[in-house]
Amino acid sequence: MAGNPASSEIQIRVNSRRGYNAVHPVEIDATTPQQPSSAAPNPVVLREVKHFKKWVPWLIPVFVVANTILFVITMYVNNCPENSDSCIAKFLGRFSFQPFKENPLLGPSSTSLQKMGALDVSKVVNDHQGWRLLSCNWLHGGVFHILANMLSLLVIGIRLEQEFGFVRIGLLYVISGFGGSLLSALFLQSNISVGASGALFGLLGGMLSELITNWTIYDSKFAALFTLVVIIAINLGVGILPHVDNFAHIGGFLTGFLLGFVFLIRPQFGWVSQKYASPAYNSATVKSKFKTYQYILWVVSLILLIVGLTVWLVMLLRGIDANDHCSWCHYLSCVPTSKWSCKTEPAYCWSNQIGDQLNLTCSSNNKTSTYTVSNPSSSRIQGLCTQLCS
């Protein structure tokens, strides 16, 4: 403060996401040793507020490694040469990929994904394998699938973990993935589903709600909001393509959006700064840690989240098909055009084994083919059937 040798100024640096730094000035304690009036002014001291400190991200990289390891294990279990005659990249041996017609993502067969824990509604409801609602979020359908998801996870997740720590971001990731699996299971009951997309959209939803609930922190508020909304809209738009589970995206986004109001709330600047200022210099005391609207959003979001996930889970366990109650909702996941079809039912075939001759007839297109195999396994027959029906 100019002209007052008994006091100087200290600044608290508050780090915020997306590159915006807010600096809030706070005067230091009056017990600071006085300096002669002719002495040079004290240099500004920057201290990082613990409520806004930067965390060292480690959980998100661990998630990326875990997903990658599980994909390698899935390819080992798949063992394409054992169940297909036309594997891609045969030099990889049992790690080679299924035929492109069967899996254009360069990955394993649907049967292998089921073995590893893919979301299969019939197994969840009839066989009480509810763990698939979580395990499916750690599996991927192919190289392209896992590359896209893991790159997105690194870009989005590390920034959030730096800002909010591994506990809150880890819970946000896992719970959002669970919410995405629930909504997917209610609408896509004839197909299996895998991927971390629901959890990723949960992180995007959390970013949006964090921007809203901590609105006063950001400088370029509307620019940040517009950019984030455009990113979310583009990603949801991609979800209307076939073979992409947009219901998992929507379910994960809604779950993450509500969780963001609960987990990613920040205290007021005034409440934080007064903890670092001397009472003698703290003329405007802020009694409440959070603003009123933050409390309201916290309570409402928590109630909606608990009620929503509970209702979805009860509907699923009772075997309810949500498409029966919403005739147009299937367009949210796939919009049919002249360029592609939205029919992705699993392949079924009639088989007849005579000696070393296996005769297969696809139930969907009535194609028939004969293969020379002796004592084929069920996975081998399913692999040949999938190729025939493709």
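Me: What is the torsion about the S-S bond of Cys349 and Cys385, and is the disulfide left-handed or right-handed?

Reply: A disulfide here is a pair of cysteine sulfur atoms within 2.5 Å. For Cys349 and Cys385 the torsion about the S-S bond is about 90°, so this disulfide is right-handed. Cys349 lies in strand β4 (residues 349–354) and Cys385 in helix α13 (residues 378–389), so the pair ties together parts that are 36 residues apart in sequence. Helices (H or I, at least four residues) and strands (E, at least two) are DSSP runs, numbered from the N terminus. The sulfur atoms of Cys349 and Cys385 are 2.1 Å apart.

Me: What kind of model is this, and how are residues numbered?

Reply: It is a predicted model, in which local features need pLDDT of at least 70 and side-chain atom pairs count only at pLDDT 80 or more, while totals for chains, interfaces and linings use all residues. Residues are numbered from 1 along each chain as its sequence is written, and side-chain values use heavy atoms, with hydrogens and water left out.

Me: Is Cys385 buried or exposed?

Reply: Buried means under 20% relative accessible area, exposed over 50%, and partly exposed in between (1.4 Å probe, protein chains only). Cys385 has a relative accessible area of 2%, so it is buried.

Me: How many disulfides does a search of the whole structure find?

Reply: The search finds three. One of them joins Cys80 and Cys87, with sulfur atoms 2.0 Å apart. The torsion about that S-S bond is about -100°, so the link of Cys80 and Cys87 is left-handed. Both Cys80 and Cys87 are buried. Another disulfide joins Cys326 to Cys329, S to S 1.8 Å, and with 80° about the S-S bond it is right-handed. Cys326 is buried at 11% relative accessibility, and Cys329 is buried at 8%.

Me: Which residues of helix α9 are buried?

Reply: An α-helix has 3.6 residues a turn, so residues three or four places apart point the same way. In α9, Ala224, Leu228 and Ile232 are buried. Seen down the axis, the buried residues of α9 fall within an arc of 60° (taken over the directions from the helix axis to the C-beta atoms), so they line one face of the helix. The face turned away from that buried side carries the exposed residues Phe222, Phe226 and Ile234.

Me: What covers the buried residues of α9?

Reply: Contact means heavy atoms within 4.5 Å. The cover includes α8 (197–213) and α10 (246–263).
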